[in-house]
Amino acid sequence: MPTSLDPDEPPEDHPPRRGVATVGVGTPAIIRSGREAISTELALTLFRQMVRTRALEERSIKMSKSGEAYFWIGGPGEEALNVCLGLQILKGRGPAFDFLHLHYRSSGILLGMGMSMLDHIRQLAMTALDPHSRGRNFVGHYAIPEWNVMPVTSVIEVQCVMAPGTALAQKRHGGEGLSLAVSGDAGTAEGDFESCLLWSSRPGNELPVLMVVANNNYGISTKHSTQHSVKEIATRGGPYGIRYETVRDGNDPVTMWNAVDRAMRYVRRERKPFVLEAMVSRLHGHSSSSGAQRNWEEADCVALFEQKLIDAGAIDSDTVRTLKDEAKQEADAATVAVASEPRPTRADVYRDTYAPSAVDVVYPHDYTGLPQRR
Ligand SMILES: Cc1ncc(C[n+]2csc(CCOP(=O)(O)OP(=O)(O)O)c2C)c(N)n1
């Protein structure tokens with residue numbers, strides 16, 4: 001059994017520390033899924049981050065129902081994929097580091113990178129201290145310049161046409177930074193997805209873009225099979241000469257970690273694109289607009305991994321309970337904290353719209369209103 005779990009925040013370095021748990025005598029050294037394996041230390045790190053992400057999302061749903069928030073959308077059911085991505089990001093600012101072009105179900109990526117639950121809840125509750133949008137955008141619409149997290153938009157798939165731009169800067173700059181573009185399966189029906197395939201794969205000008213499709217089988221209420229004749233979206237990279245892989249069990253963190261590792265290694269070293277698709281679950285429907293009720297028919301990656309770790313003798317039920325309690329307390333504390341935070345004022349609507357720019361003659365300072373006509 002593990003003797004202790006390190007409560008430290010996730011790794012700041014790269015390549016990431018591959019585990020923060022201390023494994024005791026008698027525990028297995030690795031956790032297997034078929035031919036794939038990861039160390040038990042890493043498995044416990046992934047599990048803890050998945051539990052934290054789930055606790056944050058469940059608290060967020062409750063807040064949207066209780067009136068402490070106005071809307072919820074998020075990623076319960078995508079934790080295995082997102083935590084594996086977040087822990088393998090090369091985190092920093094500028095072209096030497098990864099750029100993130102995400103969609104609105106990416107809480108697991110950001111928690112994996114070290115974002116606090118509080119900063120997620122601040123945006124959900126729309127307080128003035130929300131660092132992503134100053135309380136003016138939907139939950140999960142992160143923007144973190146210090147970590148190259150480009151602003152998430154509600155307009156789906158536009159992130160796919162931005163990624164080749166940052167990837168071009170990264171390729172010119174040199175190094176191993178990649179541009180990650182994450183989208184859902186329905187979003188790939190937009191031309192933006194095809195544009196990303198095309199611009200990332202121009203002969204002789206290939207770009208370090210990692211396109212990730214979180215395939216939860218639905219676009220709001222439209223089932224994948226009713227709209228797409230292509231069964232595995234990742235195969236659409238084939239005609240462009242782009243390498244691709246579909247992870248059929250995107251709920252399995254062991255498989256997922258290795259698939260992300262392979263894809264990222266390829267893009268970082270070859271400076272060429274890759275399409276990675278993961279079949280995931282959607283555990284609470286599309287958003288609070290459709291009720292956010294729990295769908296018990298879909299596979300739950302957190303519950304499945306918990307059972308796998310217990311069966312392998314890597315963790316015991318008491319430790320699982322402790323981890324879940326800690327995660328819930330962290331989310332509860334964030335909810336209490338935002339209750340007394342200031343809300344945006346009318347004047348805040350116009351603040352922080354554009355970054356100050358010394359070379360911009362129209363808006364040399366922060367844009368706080370329309371320019372005066374002479
Ligand atoms: C350009 C555009 N078209 C339509 C919508 C409405 N819309 C919001 S979410 C969504 C479904 C997206 O499904 P998918 O890409 O599979 O992602 P999921 O929400 O399932 O993770 C749609 C159609 C939108 N936001 N933007």
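Modeller: Let us start with the elements: helices (H or I, at least four residues) and strands (E, at least two) are DSSP runs, numbered from the N terminus. This is a predicted model, in which local features need pLDDT of at least 70 and side-chain atom pairs count only at pLDDT 80 or more, while totals for chains, interfaces and linings use all residues. Residues are numbered from 1 along each chain as its sequence is written. By these runs the chain has 10 helices and 11 strands, and Tyr218 lies in strand 8.

Colleague: Is Tyr218 buried or exposed, or does it count as something in between?

Modeller: A residue is buried if 20 or more other C-beta atoms lie within 10 Å of its own, exposed if 12 or fewer, and partly exposed in between, with C-beta atoms placed from the backbone. Tyr218 counts as partly exposed because it has 16 C-beta neighbours inside 10 Å. In the chain of 374 residues, buried residues make up 47%.

Colleague: Which residues does Tyr218 touch, not counting residues up to four places away in sequence?

Modeller: Two residues are in contact if their C-beta atoms, placed from the backbone, lie within 7 Å. With that exclusion, Tyr218 touches Lys223, His224 and Arg282. The C-alpha atoms of Tyr218 and Ala186 are separated by 6.7 Å, although these residues are 32 residues apart along the chain.

Colleague: Which residues come nearest to the ligand?

Modeller: A residue is near a molecule or strand if its C-beta atom, placed from the backbone, lies within 6 Å of it. There are 14 residues around the ligand, and Ile156, Gly184, Ala186, Gly187 and Gly219 come nearest. Strand 6 (179–184) and strand 8 (218–219) each supply at least two residues of this shell.

Colleague: Where are Arg271 and Ala292 found?

Modeller: Arg271 is found in the loop between helix 8 (253–270) and strand 11 (274–279), and Ala292 in the loop between strand 11 and helix 9 (301–311). Arg271 is not a glycine, yet its phi is positive, at about 60°; Ala292, also a residue other than glycine, has a positive phi near 55°.

Colleague: Why does Ala292 count as buried?

Modeller: Ala292 counts as buried because it has 23 C-beta neighbours inside 10 Å. Arg271, with 19 other C-beta atoms within 10 Å, is therefore partly exposed.
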